[in-house]
Protein chains: 2
Amino acid sequence: MPKLGMEPIRRAALVEATIAEIGAAGSLDVTVGQIAKRAGMSTALAHHYFGGKHQIFLAAMGQILRDFRAEVVEALGKASTPRARAEALIAASFAPSCFAPATVGAWMTLYAHATTHPETHRLLVLYQRRLRSNLTHALRRISTDPRGDAEMLGALIDGLYLRAALAKDASRDAAMAAALRALDTVTGALQ
Amino acid sequence: MPKLGMEPIRRAALVEATIAEIGAAGSLDVTVGQIAKRAGMSTALAHHYFGGKHQIFLAAMGQILRDFRAEVVEALGKASTPRARAEALIAASFAPSCFAPATVGAWMTLYAHATTHPETHRLLVLYQRRLRSNLTHALRRISTDPRGDAEMLGALIDGLYLRAALAKDASRDAAMAAALRALDTVTGALQ
DNA sequence: TTTTATTGATTGACGCGTCAATAAAAAGAC
DNA sequence: GTCTTTTTATTGACGCGTCAATCAATAAAA
C-alpha cells in the first residue's frame, strides 16, 4: 500500500535510526541492515533512498551538526553582551545533548574518517570555521587578540570535550568550568 | 626452513607493518592480510603470533604510545628548568613524528575505539594521565594553580593537535606557537 | 620425536548493493 | 467515468566480494 510522498519521511527515519544505532553501538560499526530494521524498512529501501551506506552516514553526521548549530543559535539569541555570547558558545559546546552516546560516537568517527573521506573532512572544517567565527565575534570587544584567543578557546573546547566525553564519569560540569576559567583569563585584562 | 627465536622478530615486524598500513590507509580499515603481506608472512602466521586482529591493533597502538613516551622522556632529560620542562612537553606533543599519517590515523581511531573497547580506553587514559602528571610537575613552581593549569594545557594540546593534524596544510608550527602562548599566559604572573 | 616455524587452502560468516517482482496511487487517453 | 500507462513505494532473495580464523600439512631445529 504505497502512500505517496514517503521519501522525506523515510529519509528522516533512516537518519534518526542511524544516529540511534551509532549511539547503541558506540561506533560507526553499524550495518545498513541494522539501521533499516530500526527504521522499520528493508535494506533495499534504505539503498533506494540514499544510494549507499556512506551517504546515509554523511546525512546522519550532517543532522548532528545541524542540531548542534540550532542549539548554538538559540543560546546566542538569548545573549545580549559579548561576554554572554562567549559563555553561551561554551555552554552549547558542553550541553548535555553533546554527551549523548550517539553524539559522542558520531563525533569520534567524524574525526577518524576526516583523514580519509573528503566529504567528512568538509563537515568538520565547517564546524570548526563556524565555532571560530562565533568566538572571534564574541571576543571582539573583550579581548586584546580576538583572533588568536578565539583559536585558542576553540581548540580548548574541543580538547576538553574530547576528554570529558571519553571519560567514564562524564565530567561535563568540570570541563565547562575549565573553559569558563580560560575565558576569564583571556578577558581578564579588559574586564 | 624454520629459524628459531622468530617470535619477537615476527611480532615486531607485524607491529611495524600495522603502523605503516594504518598510515597508508589513513584509518583502521586495514585487513590482517594486508598487514601480513607487508610484514612478509602469511595471515595464518599473524594469527598464530597474535591470536586475532584486535590484539595486533592493540599492540600497534601501544607501540605508538611507547614511541611518543620515549620522545617525551628524551626531551624532558634535556630540560633543566621548570619552564624548559613545560616547553619540552609541548614540543614533544607537536613533534613531526606525531604528524606522520600513520600516527594521526592511529590517534584518531584510538579516540573512536575508546568509547567501545575497554583496552583501548585504558591506553588513552594512560596517555592522558602521564601528560597531566608531567605538566603538573613542570608547572609546580611557575603557576599559581599547577593542577588546574595542567589540566587546561593538556586539553589545549589535544585540541590543537586535533585541529592541526586534521588540517590539510599541517600547521604544526602555528599549533605549537599557540600552546606556547598559552603557557606564557598561565605562567605570566610568576615569571 | 618433540617442539617451533610456516603456509596454502578452506570455511564460515557477514554485509553491501542489485534485481526482479508486487502493489498502489497518479496521470493521461478516449 | 472507465481503461491504460507511468510513476512511486516496497521487499525478498541473492550474487559477489571480503575477511577473520582454522586446519592440515610440511619442514627444520632441538
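Predicted model: local features only at pLDDT ≥ 70, side-chain atom pairs only at ≥ 80, totals over all residues.
Q: What makes Ile142(A) count as buried?
A: A residue is buried if 20 or more other C-beta atoms lie within 10 Å of its own. Ile142(A) has 20 C-beta neighbours inside 10 Å, so Ile142(A) counts as buried. Its place is in the loop between H7 and H8 of chain A. The C-alpha atoms of Ile142(A) and Ala165(A) are separated by 29 Å, and the two residues are 23 apart along the chain.

Q: Why is Arg163(A) called buried?
A: The cut-off is 20 or more other C-beta atoms within 10 Å. Arg163(A) has 22 such neighbours and therefore counts as buried. Arg163(A) is found in helix H8 of chain A. Not counting residues up to four places away in sequence, Arg163(A) touches Ala175(A), Gln128(B) and Ala155(B). Leu123(A) is 40 residues from Arg163(A) in sequence and 22 Å from it in space, C-alpha to C-alpha.

Q: Why is Arg66(B) called exposed?
A: For Arg66(B) the count is 10, so Arg66(B) is exposed. This arginine is found in helix H4 of chain B, residues 53–78. Between the C-alpha atoms of Arg66(B) and His137(B), 71 residues apart along the chain, there are 20 Å.

Q: How do you know that the end-to-end distance of H6(A) agrees with its number of residues?
A: The expected span is 1.5 Å times one less than the number of residues. For the 14 residues of H6(A) this gives 20 Å, and the end C-alpha atoms are 20 Å apart, so the two agree. H6(A) is also mostly covered, with 13 of its 14 residues buried.

Q: What do the values for helix H6 of chain B show?
A: Helix H6 of chain B, residues 101–114, should span 20 Å at 1.5 Å a residue, and its end C-alpha atoms are 20 Å apart, which agrees. Of the 14 residues of H6(B), 13 are buried, and this helix is mostly covered.

Q: How does the reach of helix H8 of chain B compare with what is expected?
A: Helix H8 of chain B, residues 146–166, has 21 residues and reaches 30 Å from its first C-alpha to its last, close to the 30 Å expected. H8(B) is mostly covered, with 17 of its 21 residues buried.

Q: What makes up chain A?
A: Chain A has nine helices and zero strands. Buried residues make up 39% of its 191 residues. Its C-alpha atoms fill a box of roughly 65 × 35 × 30 Å along the principal axes. Among the contacts in chain A with a separation of 6 or more, 58% are between residues 24 or more positions apart.

Q: How do you know that the copies meet through the same surface?
A: 100% of the interface residues of chain A are also interface residues in chain B, so the copies meet through the same surface. In numbers, 27 residues of chain A are in contact with 27 residues of chain B. Helices H6, H7, H8 and H9 of chain A each supply at least two residues of the side that touches chain B. The largest share, 11 residues, comes from H8(A). By class, this side of chain A has 15 nonpolar, nine polar and three charged residues.

Q: Why are the two copies described as related by a two-fold rotation axis?
A: Chain A can be laid on chain B by a turn of 180° and a shift of 0.0 Å along the axis, with an RMSD of 0.0 Å. The two copies are therefore related as by a two-fold rotation axis.

Q: Which residues have the most contacts inside the largest nonpolar core?
A: They are Tyr111(A), Leu156(A), Ala179(A), Tyr111(B), Leu156(B) and Ala179(B), in a core of 114 residues. Leaving aside neighbours within four places in sequence, Leu156(A) is in contact with Ala179(A), Ala182(A), Met152(B), Ala155(B), Leu156(B) and Gly159(B). In soluble globular proteins, nonpolar side chains tend to be buried together.

Terms used. Residues numbered from 1 in each chain as written. Chains lettered and ligands numbered in written order. Contact = placed C-beta atoms within 7 Å. Helix = DSSP H or I, 4+ residues; strand = E, 2+ residues; numbered from the N terminus. Nonpolar A, V, L, I, M, F, W, Y, C, P; charged D, E, K, R; others polar. Least-squares fit on C-alpha atoms with pLDDT ≥ 70 in both. Buried ≥ 20, exposed ≤ 12 C-beta atoms within 10 Å, placed from the backbone. Core = buried A, V, L, I, M, F, W, Y, C linked by C-beta atoms within 7 Å.
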